[in-house]
Amino acid sequence: MSAAGDERPSAVALSYPDSKRAPILVAKGYGVVAESIMREARENGLYVHASPDLIRLLMQVDLDQQIPPELYLAVAEVMAWLHGLEKAEEGAAIGNSTNDAS
């Protein structure tokens, strides 16, 4: 998840606690900090999505601030992708529990 032209890994983390407001940038960093963000996400069962161009843009947002309107569509596309993954996992879990009951 490196920004273009920079060999160090980079990462951001968004939180979306209120569906009536834009997501909030809750963590960002390069190098060891980025690796820590990604490791913590994975350890907590969160998906890590690699999108260098989007990360580069989100790195310009201040911490604890909502993402700007210019990034709504790009972030919404990632969130839709995540939602699809979660639904697929739920379906697989239901299918597995149905098979287990047989």
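Predicted model: local features only at pLDDT ≥ 70, side-chain atom pairs only at ≥ 80, totals over all residues.
How many helices and strands are there in the chain? There are 3 helices and 2 strands, and along the sequence they follow the pattern β-β-α-α-α. Helices (H or I, at least four residues) and strands (E, at least two) were taken as DSSP runs and numbered from the N terminus. Residue numbers start from 1 along each chain as its sequence is written, and side-chain values rest on heavy atoms, with hydrogens and water left out.

Of the 102 residues of the chain, 24% are buried; here buried denotes under 20% relative accessible area, exposed over 50%, and partly exposed the range in between (1.4 Å probe, protein chains only). The chain exposes about 6900 Å², of which carbon and sulfur atoms supply 54%. Among contacts (heavy atoms within 4.5 Å) with a separation of 6 or more, 55% join residues 24 or more positions apart.

Helix H1 spans residues 32–43, and its 12 residues reach 16 Å from first to last C-alpha, close to the 16 Å expected at 1.5 Å a residue. The expected span is 1.5 Å times one less than the number of residues. Ala34, Ile37, Met38 and Ala41 are buried in H1. Viewed down the axis of H1, the buried residues fall within an arc of 90°, so they line one face of the helix; the arc is that of the directions from the helix axis to the C-beta atoms. An α-helix has 3.6 residues a turn, so residues three or four places apart point the same way. Strands E1 and E2 are included in what covers the buried residues of H1, while the face turned away from the buried side carries the exposed residues Val32 and Glu43. H1 is followed by Gly45, which has a positive phi near 75°.

The loop between strand E1 (10–15) and strand E2 (24–30) contains Ala22. Ala22 is buried, with a relative accessible area of 11%. Beyond its neighbours within four places in sequence, Ala22 is in contact with Tyr16, Gln66, Ile67 and Tyr72. The C-alpha atoms of Ala22 and Val75 lie 9.6 Å apart in space, although the two are 53 residues apart in sequence.

Rings of Phe, Tyr and Trp (its six-membered ring) were paired if their centres lie within 6.5 Å, with planes under 30 degrees apart classed as stacked, over 60 as edge-to-face and the rest as tilted. This rule gives 1 aromatic pair. Tyr47 and Trp81 form this edge-to-face pair, at 6.5 Å centre to centre and 65° between the planes. The pair links distant parts of the chain, 34 residues apart: Tyr47 lies in the loop between H1 and helix H2 (52–58), and Trp81 in helix H3 (residues 72–101). Tyr47 is partly exposed at 31% relative accessible area, and Trp81 is partly exposed at 38%.

The charged end of Arg8 sits over the ring of Tyr30, 4.3 Å from its centre; the criterion is NZ of Lys or CZ of Arg within 6 Å of the ring centre and within 35 degrees of the ring normal. In the loop between H2 and H3 lies Asp64, which has a positive phi of about 65° although it is not a glycine. Asp64 is exposed, at 57% relative accessibility.

Methods: Areas by Shrake-Rupley, 256 points an atom, 1.4 Å probe, with all protein chains shown as cover.
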